[in-house]
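My notes follow the order in which I looked things up.

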Amino acid sequence: MVDSTVDMTQVEALHVALQQSFSPDRSIRDPAEAAIKQFKFVPGAPQMLLHITEEKQVQYEVRQAAAIQLKNICRECWVERVSYLGLALPPTDGATNPDGTPKKPALLSEVDKAASRGKLIECLLSEPDKSIRDLMAETLHCIAIHDFPDKWPELLPVLLQAIAQNADPSQALRVHNALLAMRKVCKRYEYKSREQRGPLNQIVMQSFALILPLAQRLSGPNEHSLEAALMLKQILKIFWSSTQFYLPNGNNADGSASATPSPALANPEAMGPWFEVLKAVLSKPLPEASTGLEPKNQPTSTEERNAWPWWKVKKWAAQIMTRLFSRYGIPNYAEEEVKEFATYFSRNVAPSFLTPVCETLNLRPSGQFCTDRVVHYCLNFIDLAVELAPTYKLLKPHMDFLLYKVCFPAMCLTPEDIDEFENDPHEFVHKQNSPLADFYDPRMSAITLVTSAVKHRGKDTMTPLLLFLTEILKRYNATDEANRNHVEKDCALLTFGSLSDILISKKKYANELEGLMISSVFPDFNSPVGFLRCRACWMVQRFSEIPWSDDGTHLRNLIQLVLQRLSDPALPVQIEASKALRFLIEVEGADVTLLPVLPQILNEYFRIMNEIGNDEVVAALQVIIDTFGEHIKPHAIALVTELSSAFRNYIDAGEDDDDAAMAAAQCLECINTVLKGICEHPELYKGMEPHLIPLVLQILGNDGEYLEYVEFALDTLTFLTYFPLQLSPQLWEAFPLLYFAYENWAFDYLILMTPPINNFILKDPQYFLAAAADTPDGSLKYIDMVFNIVSKTIASDDRASESEQRKALTLYMSVLHNCTGQVDAYVPTINDIVLAKLGQQVNAEIPSTRHVLYQVLASALYYNPELELRELETRGITHQIISQWIKETDHMDGWLSQKMSVLGLLSILRIPASSLPQHVGTMIPDIISAAVKLAAKMKEDAEKEQNEDDGKIETEAGDDDEWEGFDEDEDVGHTDEAYMSAMNKLSGGGDISQFLLGDGWDEDEDDDVDDFHSPLDNLDEVHFVNDVLKEAYQREPEIYQQVQAALSAETVATCQQIFAAVDSQRNQAVHVIPSS
C-alpha cells in the first residue's frame, strides 16, 4: 500500500542507492554510500525507509539495509545527543562544514516522528522475516526510550489489540510480533529504580490479564507448533523484564509508582498461575524427531537444537525459576514489603519447582538430550535449593544421584573439549578461562553445586564424595595404561581441586593431601595425556599451601616438574604451568630453586605471552617480579621492553579479542610492578622511557580509543614523573594530552590524573610556567590548563564527586607551593573558586571538602600573606573566614589539613601587626592558640606512632574441624551483611544501573588528600611555629608581650615546650655534624 505522503520519486532514488551500495564496483558503491549517509537530512526519510522495508517485492538485502538505516537514523536523530555534562555531541559520522566546524546533527521533525511511530508498528506487526522484524523491534525500542508513554500513548493499546486476536490462527504472526514489541518496551524499564517503573507497572496491570491465559494455553499439553513456542518465549521474556528486580507495584492516581504492591503480581494468588506455566514449560517432553511424536521435527545437531524455539522456552522458564528463587527463596533476606510473599515462595513454590527441575536434570543420565543452558540454570536452582531447609529435605534422598549422575558427568571433559585441546588450543584456553563461563557453562554450575553441597551439607555429602573420588584414583592407578579412563581421573582431580579450601581448612583431610599430590598428581606431569599434564599444573594452584613433611625434596621436585611444563608441547599446559609457578614462589624455600633460573623463567613467560594473550599468565609474571623485586634490577629494562612489545601486539589483535584486551591491561599493570620494584634506582627509568613514553602518549592521545588502558597508563606516568630527579622533554609531551583527555573523554579519570600533573609542577615549575600548547582555540599555557581543569571540576557538581573536587583543589596547592612569587596574578581566581565553594560547604555534614578548601587558603597565605589577606579584605570576609577556620581546627584529623592550617594561620604573623587590619590584629591570640594546639597535637601523634609496635597480633582461624555444615532443618546462614545491605538499599528504590555500574553509592567519606607532595613536605610545622613566633616577638616585642598576656596558661606552656624541643633538636643536629 502506497503512503500518499511519501514522494515515490525519492523512494525510488533511495531504493537505487541502497541497491548500488552492494555493488562490487567502488565507483558505483562509494557515491551510493555517500548519498545514504546524507539521507537523514531529507524530510520524510523514516517513512521512505519503512516503505522499502515493508515491500516484500524488493530484494531482501535491500529491505534489510533499509531497516538498518531506519534504526540508525532513529537512534541518532530522534533527539539531540548530549554528553555526560549535557553538552551537544557532534554527529556520529564526524561530518563537518566547509569551515571545519562540526556539522549540526540532523534531527527529525515532529511530523516525521508521528508518521514514523504509526507506520513502524504496522510494519513490525506484519513482518514475517526474523532479521528484519528484529531490526524494526530495536528501532521501536529506540523510539520508546524517548516517547513512551507521554508522546506515544497509543502504542500499548495497539499492541494489546493485536494480542487479543490470539484465538484466530491466521493472526499468529501479528500476535507474536506484538509480544516482541511489548518485550522491547518492558526491557526499557527492566533496570530502572522503583520510582521510575510507573509505565512498566501500567503495562503489567493492563496486559498480564490478557497474556496469562495465552501463556496457559500455549504451555498446555496440546500445543506443539513452533509458532506457539515463539509466542511463549516472548511472554516469558516479558515476565522476566517485569519481575527481574522487583515485583511490580500499582500506580498512584497521578501515574507515579505506588509503594504498595499491586494485586497484579506481588501476592501469591496472582503469581500462582504463572508458577504453573513455568512448571508446565519445563516439564514438557521434547521427543527425538525419529519418534514422530509432538512436538515434531526436533533438530539433530547440537547447534540447531540450542536454537530450537521449544528449548529456548525451557531455558527462559529455568532462568526465571532460578531468578525468583535467588531473590525470594530465603525470606530473611527479602525486602520488608515482600517478606510475606517470600515466605510463601520458600514453603510452597520452591519445593514444587523441584520435580520438573530434577526431571530435566535426569534427561542426560537417561540418554536424552538437554541443552547446556537449561542444565546450567537447573543446576543453579538446585544449588539454591541446597541452602533452603524445606527444599533440601526433599533433595537429601537424591543427593547421590545429583552429585554422581548429574554433576560429575557435567564436569567431565567432552570429546569436543579434548579435540579442541589437541587441535585448537587457543580456543580451549579461551573457553577454560572465560569469565563468562559462570553464566552459561554447566561445568561451572556443577562445580558450584558440588562445592555448596560439601560446604553447607557436609554431614551428608563429604565422606561419600571423597570415597567416590578416591576409588576413581585407585582404579586408575591399578589399571594398565591402555585401558585407563583419563577423563574420569581428570574430573576426579578437578573435584578435589574445587574443594581445596574446604579440605585444607580441616586437619583430618589436610593431612592426606600430601599423599594425594605425590601419588596421583606428580606422575601426571609426565603423562602422555596432555590434559592430565594440564590438570596436574592446575592442582598445584589449588594445593600450593599444603605442608610438606619431608626435608623439602618434594617441594623442589614439584617446582622442577612445573618448570619443565613451561616448555610443554601443549599450549594449555604451558598456560597452567605459568599460573602454577605464581603460587609456588610464595611457598617458603621456593626461592632457593627458582632464583638460579630466574632469567630462563622470564624468557619462558615472554615466549608464552607472544603465543597467546592471557591475563593470568601476565598476572603470574607480575607476582614473580613483585616477589623477587631485589633480583629484578638486572632484568628490568628487558622486562619493560618485552612487556611494551606484548602490549602493542595485544592491542593490535583488535577489539573483538577479549582475552588479548585483558592481557594487554595486565601487561601495563606488570610494567607498573617493575617500575615500583626499581623505584629506588630511578636512573633505570631513563632506559625504559623510549618504550614507555610512546605507549603512554598512544593511550592518552587517541580520543579515548584506548580508554580501558587509561588507568594503567596514568599510573605509569605517575612513576615516570615522581621518582626521576629530572623530566625529559619527551615526557612533557604527555602534559597537554592529559588536559585534552580530561576535556574531551577522560573527565572521570581526574583522580588518577592529578598525581602526574602535581609531579610535573613539582619537578620543573619553571618549564611548567613557561610552556604552552596549541588548542582549537589557540595557544594555551600549561598553568591555564590546570586552572581550567580545577574550575570545570568544581563547577560540575552534578558530574564530579566530592572526592574528585578535592583532588582537583590539590592542583591549586601544587601551583602555590612550587611557584613561589610567580603566580600572583592567579591568586584572585583561586579565591573566587575556593570561597564560592566554601560558601556551599559551610554547613556540610561531612567536612572533608571544607578542610581541603582551608588547605588551599592556607597555601595562599603561606605563598604571600599580604596578597591573600588583601583578597579576603576586598571581599569583606577576612574575620568570618579566619574565625570559622579556627573553630574547624578542633575537628581536623587529616595530617595535611592540620599542617597547612598551622602554616597558613601563622603566616599571618609574618606581617607586622601594625600593618594588619585591626579586626585581624585582635585575632592574633586565637590564631596562635589554634596553631600551637594543632602543632603540639601533630608532634604528640607522630611520637605515639613512632613508639607503637607496627606488628599486629595474628589471630588463628578457628578450627572448624568438627563443623560439617548445617542440619537439614536449618536454612544456610550467610554473614555477608554488606551485600545484603546493598541489596536492601537497591530494593528500597536505588537505580539498578547505579548498582551494576558502581555509580551513586557511598564514596569514601573521610578520605584526605594526604598523598599530596610538595616542597612543604620538608618543612617541619613545629619548627615553623618556633621560628614565626620568635621572629614576631623580636620584631614587635611590645605588641607580642600584650599578645602573650592574652594567651591561656596552657598555650603559653605549650609554646615553651615547643621552643625547648626545637632548640634541643637543633643543638643535637649541630653536634652530629662532623668537624672538617
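**Notebook: loops, helix pairs, rings**

I began with Asn 297, which counts as exposed because its relative accessibility is 63% (exposed means over 50% relative accessible area, buried under 20%, partly exposed in between, with a 1.4 Å probe and protein chains only). The model is predicted, so I kept to its rules: local features need pLDDT of at least 70, side-chain atom pairs count only at pLDDT 80 or more, and totals for chains, interfaces and linings use all residues. Residues are numbered from 1 along each chain as its sequence is written, and side-chain values use heavy atoms, with hydrogens and water left out.

**Loops**

I placed Asn 297 in the loop between α11 and α12. Helices (H or I, at least four residues) and strands (E, at least two) are DSSP runs, numbered from the N terminus. I read a phi near 65 degrees for Asn 297, a positive value in a residue other than glycine. Pro 295 lies in the loop between α11 (268-283) and α12 (302-307). The peptide bond from Glu 294 to Pro 295 is cis, and omega is near -10 degrees. I noted a cis bond between Phe 148 and Pro 149 too, with omega about 0 degrees. Pro 149 sits in the loop between α6 (130-147) and α7. For context, most residues other than glycine have a negative phi, and most peptide bonds are trans.

**Whole-chain totals**

I counted 53 helices and four strands in the protein. Of its 1076 residues, 53% count as buried. I then took contacts (heavy atoms within 4.5 Å) between residues at least 6 apart in sequence: 73% of them join residues at least 24 apart.

**Helix pairs**

How do the axes of α7 and α9 cross? Helix α7 (residues 155-163) and helix α9 (residues 198-218) have axes that come within 11 Å and cross at roughly 10 degrees. That makes α7 roughly parallel to α9. Axes are lines fitted to C-alpha atoms, for helices over the stretch in contact, and angles run from 0 to 180 degrees between N-to-C directions. Angles under 35 degrees count as roughly parallel, over 145 as roughly antiparallel, 65 to 115 as roughly perpendicular and the rest as oblique. On the α7 side I listed Leu 156, Leu 160 and Ile 163. They meet Ile 203, Gln 206, Ser 207, Leu 210, Ile 211 and Leu 214 in α9. By class, this contact of α7 with α9 has seven nonpolar, two polar and no charged residues. Ala, Val, Leu, Ile, Met, Phe, Trp, Tyr, Cys and Pro count as nonpolar, Asp, Glu, Lys and Arg as charged, and the others, Gly among them, as polar.

I turned to helix α38 (residues 750-763) and helix α41 (residues 802-818): their axes come within 9 Å and cross at roughly 5 degrees. The two are therefore roughly parallel to each other. Residues in the contact include Ile 757 and Ile 761 of α38, and Lys 807 and Leu 811 of α41. The classes here are eight nonpolar, six polar and two charged residues.

**Rings**

I searched the whole structure and got 35 aromatic pairs. Rings of Phe, Tyr and Trp (its six-membered ring) pair if their centres lie within 6.5 Å; planes under 30 degrees apart count as stacked, over 60 as edge-to-face and the rest as tilted. Phe 735 and Tyr 782 are a stacked pair, 4.6 Å centre to centre with 15 degrees between the planes. This pair links distant parts of the chain, with Phe 735 in α37 (residues 734-744) and Tyr 782 in α40 (residues 782-795), 47 residues apart. Both Phe 735 and Tyr 782 are buried. I also found one aromatic cluster with Phe 275, Phe 325, Tyr 328, Phe 341, Phe 345, Phe 353 and Phe 381.

Next I checked charges over rings (NZ of Lys or CZ of Arg within 6 Å of the ring centre and within 35 degrees of the ring normal). Arg 535 lies over the face of Trp 538, at 4.8 Å from the ring centre.

**Buried charges**

Where does Asp 490 sit? I found Asp 490 in helix α22 (residues 486-498). Asp 490 counts as buried, at 1% relative accessibility. Leaving aside neighbours within four places in sequence, Asp 490 is in contact with Leu 413, Phe 531, Leu 532 and Arg 535.

Lys 837 is in helix α42 (residues 827-841). Lys 837 counts as buried too, at 3% relative accessibility. Its contacts beyond four places in sequence include Asp 797 and Glu 802.
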